[in-house]
Amino acid sequence: MTDEEAVVETHPEGEGKTRVAESSEADISVDTFAGKIQVKWVPEGAVSALGLMPFFIEFLKNSGLFDAWVEECPLHYTSPNAPAKRDVLGTLLLSVLAGHWRYAHISAIRGDGVNPGLLGMTKVASEDSVRRALKGMDVEPGEQWLKKHLKASYEPLLEEPWVLDMDTTVKPLYGHQEDAVRGYNPAKPGRPSHAYHTSFIANPRIVLDVEVQAGNQTASSFAQPELWTLLDGLAESSRPAFLRGDCGWGTERAMEGAEQRAIAYLFKLKQTANVKKLIDKLFGKSTWVETGQRWQGLESELRLSGWSRKRRVVILRRPLREPEAAGQEKPTKADEQMTLDLPVTTYQGVRYEYSVLVTSLPDEVRTIAQLYRDRGDAENNFDELKNQWGWSGFTTHDRQRCQIMARVTALIYNWWTIFM
């Protein structure tokens, strides 16, 4: 692999396999931890799942991200037979990039004769070595290590105006894991789970942090201490233009926390009795304006019980479509789960679905409506991270390793997102 004339190319006889050959002709020179190699594309070869790895490894080397991550990892071995830190972390990197979601899947990359060498690894660690390494990592140093490198992956992006999306996803569990508790679980009601409280930079899809908690701790109040710590650690010029969250964040505690830090917010409100009274009061108004996608909106002020003061709210409504034609198939349970759970009311014979937003932003109603619709992209982040990047897996009995793997996966996801 140290030969400067080595060529990494797709193997024409097997999908997803690569081989190293020697050649005097090459297309692209790539600088890796094993030295410079020449990458040659083979048009007739099968597509490789890790075909971009030499370029990604060059990115990791030139940026210094991987070396710093390995060097500062708080893993300490005393046995002369213990694996090297670089081998353990490199194995995790390759496993996550390969789309694995179980530690047992690590054995699938042990036959890779190309990428481990390009990362400067001596071998691929076994699944047991990886599990033991994460179990032996001290909680506080491991948390500080991963948070530091997560921050290094997104900090340069904060020089431009940005939006902070907060949301929570549920990870169903099927064993006897620590903090596997029954809580809010729309996909599998009654199934014990973990709650992943996550903060994203909107649009670039960069993860700021993820915190794993018990399955019955999905409320935003459990995520706020970590969120405020994160924001307080940012320079004032690097703070978000505004915070954005669903109805779980439309609480006095969340709004007061943002107001104390002079950060704007845009949250959805739960449909409480007083919110419904406001809807009934405003439905007959003639000041509704078009806000796009068949929605109409207007603004008002509201002070719910428990709130310290009045706040600006934006009410959105949309006429429901005509009833389904006779003979049309009834929606399945899965279809119903994919529809928005919005209350319905009737005015002058027309049935409307409606939503209420609370905000400190000064923008007009049309802009507020679009800004909240853009929050839907956060769901795509969860879908990608859970189904393609392993957040649904890498489960162990103790929550500590689940937390470490959640942040490791988020960090590698950030690196890949920036590289792409």
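This is a predicted model: local features need pLDDT of at least 70, side-chain atom pairs count only at pLDDT 80 or more; totals for chains, interfaces and linings use all residues.
Q: Which residues of helix α8 are buried?
A: Buried means under 20% relative accessible area, exposed over 50%, and partly exposed in between (1.4 Å probe, protein chains only). Helices (H or I, at least four residues) and strands (E, at least two) are DSSP runs, numbered from the N terminus. In α8 (residues 252-260), the buried residues are Glu252, Ala254, Met255, Gly257 and Ala258.

Q: What do the buried residues of α8 pack against?
A: Contact means heavy atoms within 4.5 Å. The partners are α7 (220-232), β8 (242-245), β9 (264-268), β12 (311-319) and β14 (350-359). Just after α8, Ala262 has a positive phi of about 55°.

Q: Which residues form the nonpolar patch on the surface?
A: Patches are made of residues with over 30% relative accessible area and no salt bridge; nonpolar side chains (Val, Leu, Ile, Met, Phe, Trp, Tyr) are joined within 5 Å, like charges within 9 Å. Areas come from the Shrake-Rupley method with a 1.4 Å probe; for residues, only the protein chains shown count as cover. Here the patch is Ile28, Trp41, Leu52 and Met420, with about 390 Å² of accessible area together. Ile28 lies in strand β3 (residues 28-32). Ile28 is partly exposed, at 32% relative accessible area.

Q: How many salt bridges does the structure hold?
A: Side chains of opposite charge can pair when their charged atoms come close. A salt bridge is a side-chain nitrogen of Lys or Arg within 4 Å of a carboxyl oxygen of Asp or Glu. The structure holds 24.

Q: Where do Lys148 and Glu72 lie?
A: Their side chains meet in a salt bridge (3.1 Å, N to O). Lys148 is in helix α6 (residues 139-154) and Glu72 in the loop between α2 and α3, so the pair ties together parts that are 76 residues apart in sequence. Lys148 is partly exposed, at 49% relative accessible area. Glu72 is partly exposed too, at 35%.

Q: Is Arg312 buried or exposed?
A: Arg312 counts as buried, at 15% relative accessibility. Arg312 forms a salt bridge with Glu299, with the closest N and O atoms 3.0 Å apart. Arg312 lies in strand β12 and Glu299 in strand β11, so the pair ties together parts that are 13 residues apart in sequence.

Technical notes:
Residues are numbered from 1 along each chain as its sequence is written. Side-chain values use heavy atoms; hydrogens and water are left out.
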